[in-house]
Amino acid sequence: MVTAVLAGIGSAVPDGGAEQDELWDGFFSRHFAGNRIARRLFESAGVRRRSVVANPLHEDVSGWTTGARMHRYAQVAPELGARAVAAALDDAAIPADEAGMFAVATCTGYATPGVDIRIAAELGMRDDVQRLLIGHMGCYAAVPALGGGADFVIARGRTAVVLCLELTSLHLQPSTADTDQIVSHALFGDAAVAVVLRPARPRTGELALADVTARTDPGTTGHMTWDITDAGFRMGLSPAVPDVLGEHLVPVVDGLLARNGLSRRDVHGWAVHPGGPRILDTAENALQLGPSALVRSREVLAQHGNCSSATLPLIVERMVRCGEAGSGNLVALAFGPGLTLYAALLRAGS
């Protein structure tokens, strides 16, 4: 059976970066001066280091207008995204002009002509490549983006490239006592990750995207928000998010597996979006996972922070590089505004 095989994956992060302690001592201790819980939130975020295009140790963008932030996005996003796509194409040993579809997921910047047009032209994709921009879906956007790419691959029999590109550091907010803002500034980093999908029967060690499912709880729309303001995009984040997600994880995951003739016992790898340490703890407990099941998710959180839609592909990339992704069934989970839970089943060839 021909499926959408993950033929290549590549990532790119901004040059340089900063340790969490450096960010606190050098900037955020002053930015949140007088807030007694801010330091504790930074220390408990599970983040050790982040890469950012706007490093507050060198430039404070918290007073910038949204227009100025979007101008910087248009300057730096195409180069970072092109690096990730080029790495994924190289990993797949597929030339850029073979891509029939190029999808870009981002919620942190907008420009027209968009980064999709600029990257496609820079890397030599054909002028008839079909482009798709998936905007403002937030942290779970990688899964519907990959699902759309896989549908194209199967329907058209052509290669698709999916890029998740997020520059969250451009949305540093003015000083505030709002706990939502402190938590988001303790967590988020920047990254770009690209995946190449090709039509094929998966060979041993290769992953194919087998199925995607979603669930949105419309009664909790105010629990997680991403609002466009005059001072960039502003995160709203309720502490009730992990509990709400905990109610939906088991039925969503078990339903996805059951319709593919599987159960949780048949899953050999878990890639869970690290919205924060409590999210990972909730997933671990609800799904009754072993203590090592989410080690790659925790590693990505520690070394990159939460990079919104780029985070889940970073975890999958790490699992692939460590030889953990091609030994069986893998379930990928991500969460975002809605509240929305997306899940994907990836199956290894044999």
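**Backbone and helices**

Visitor: His136 is found in the loop between which strand and which helix?
Guide: The model is predicted, so local features need pLDDT of at least 70 and side-chain atom pairs pLDDT 80 or more, whereas totals for chains, interfaces and linings use all residues. Residues are numbered from 1 along each chain as its sequence is written, and side-chain values use heavy atoms, without hydrogens and water. Helices (H or I, at least four residues) and strands (E, at least two) are DSSP runs numbered from the N terminus. On that numbering, the loop of His136 lies between strand 5 (130-135) and helix 5 (142-156).

Visitor: What is the phi of His136?
Guide: Most residues other than glycine have a negative phi. His136 is not a glycine, yet its phi is positive, about 65°.

Visitor: Which residue follows helix 3 with a positive phi?
Guide: Helix 3 covers residues 66-92. The residue after helix 3 has a phi near 55°, and it is Ala93.

Visitor: At which residue does helix 3 have a kink?
Guide: The bend at a residue is the angle between axes fitted to the seven residues ending there and the seven starting there. In helix 3 a kink of about 35° comes shortly before the proline Pro78, at Val76.

Visitor: Which residue does a cis peptide bond join to Thr112?
Guide: Most peptide bonds are trans. Here omega is about 0°.

Visitor: What is omega for the peptide bond from Gly338 to Leu339?
Guide: Leu339 is in the loop between strand 12 (329-336) and strand 13 (340-348). The bond from Gly338 is cis, with omega near -20°.

Visitor: How are helix 8 and helix 9 oriented to each other?
Guide: Axes are lines fitted to C-alpha atoms, for helices over the stretch in contact, with angles from 0 to 180 degrees between N-to-C directions. The axes of helix 8 (residues 277-286) and helix 9 (residues 295-304) come within 11 Å and cross at roughly 180°. Angles over 145 degrees count as roughly antiparallel. The two helices are therefore roughly antiparallel.

Notes. Expected span 1.5 Å × (residues − 1). Parallel < 35°, antiparallel > 145°, perpendicular 65-115°, else oblique.
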